[in-house]
Amino acid sequence: MIKIGDKVSVLDEPIKGIVVSIDGTEVTISTDDGFDMSFSINELVKEHSETLIIPSYEEIHKNVQDKEVFKKKPKRPIAKPKQRVKPPMEVDLHIHKLIKSTKGMTNYDMVTLQVDTAKRQLDFAIHKRIPRVVFIHGVGQGVLKEELKYLFGRYENLSVSEADYKKYGLGAMEVYIIQNPKTN
């Protein structure tokens, strides 16, 4: 409850002052600027004149360290760029993935189309600096696989290996393109 002598602030206005008189619900205050102004009691808020205790730096630091929020979390290993695993580019060389129909094509024509596609995709990957390419050749008689080995052997800075068995089975080869070869 507001009484004479209380320090008050006016709601929604930057006015402060001391209560001089109270007449029902109307309160007159003497503002900090020296003016007497009247307001409804509902427009005023009593200010507490308790002295503000400012803690020392050491007390603040100790309290912050004690808080659970600021306790250090265990560090988890940050993946370095070399450790990140980007999925490889996949090239499916199954003949039905390359053309709609093999009608009128000989086996030689089909293998030639598959090898040409592999060469084009490998050149694209080298040009775009894609480090890993998986060529899915299928199991079959092994003719396409041998042709791919011969093709990859004509390139420098390639490392060829079997692709992930769990994902591709026996019918795929992974080519790693060495981006910055060491020159002696």
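What follows is a conversation about the labels used for this model.

Modeller: This is a predicted model, in which local features need pLDDT of at least 70 and side-chain atom pairs count only at pLDDT 80 or more, while totals for chains, interfaces and linings use all residues. Residues are numbered from 1 along each chain as its sequence is written, and side-chain values use heavy atoms, with hydrogens and water left out.

Biologist: How many helices and strands does the protein chain have, and what makes a stretch count as one?

Modeller: Helices are DSSP runs of H or I with at least four residues, strands are runs of E with at least two, and both are numbered from the N terminus. By that rule the protein chain has five helices and nine strands, and along the sequence they follow the pattern β-β-β-β-β-α-β-α-α-β-α-β-α-β.

Biologist: Why is strand S9 described as largely enclosed?

Modeller: Buried means under 20% relative accessible area, exposed means over 50%, and partly exposed lies in between, with a 1.4 Å probe and protein chains only. Five of the six residues of S9 are buried, so the strand is largely enclosed by the rest of the structure. Strand S7 (residues 132–136) is mostly covered, with four of its five residues buried, and for the protein chain of 184 residues the buried share is 26%.

Biologist: How do you know which strands pair with S7?

Modeller: Two strands pair if DSSP finds at least two bridges between them. Strand S6 (residues 89–92) and S7 have four bridges in the parallel sense, with valine 91 partnered by phenylalanine 135 of S7. S7 and strand S9 (residues 172–177) run antiparallel and are joined by five bridges; among the partners are arginine 132 with tyrosine 176, and valine 134 stands opposite glutamate 174.

Biologist: What joins strand S8 to S9?

Modeller: Strand S8 (residues 158–162) and S9 run antiparallel with five bridges between them, and glutamate 174 of S9 is the bridge partner of serine 161.

Biologist: Why is aspartate 12 called exposed, and what sets its phi apart?

Modeller: Aspartate 12 counts as exposed because its relative accessibility is 82%, against a cut-off of over 50%. The residue lies in the loop between strand S1 (7–10) and strand S2 (16–23), and its phi is positive, about 60 degrees, although it is not a glycine. Most residues other than glycine have a negative phi.

Biologist: Which class has how many residues in the lining of the second largest pocket, and what decides the class?

Modeller: Ala, Val, Leu, Ile, Met, Phe, Trp, Tyr, Cys and Pro count as nonpolar, Asp, Glu, Lys and Arg as charged, and the others, Gly among them, as polar. On that basis the lining has seven nonpolar, eight polar and one charged residues.
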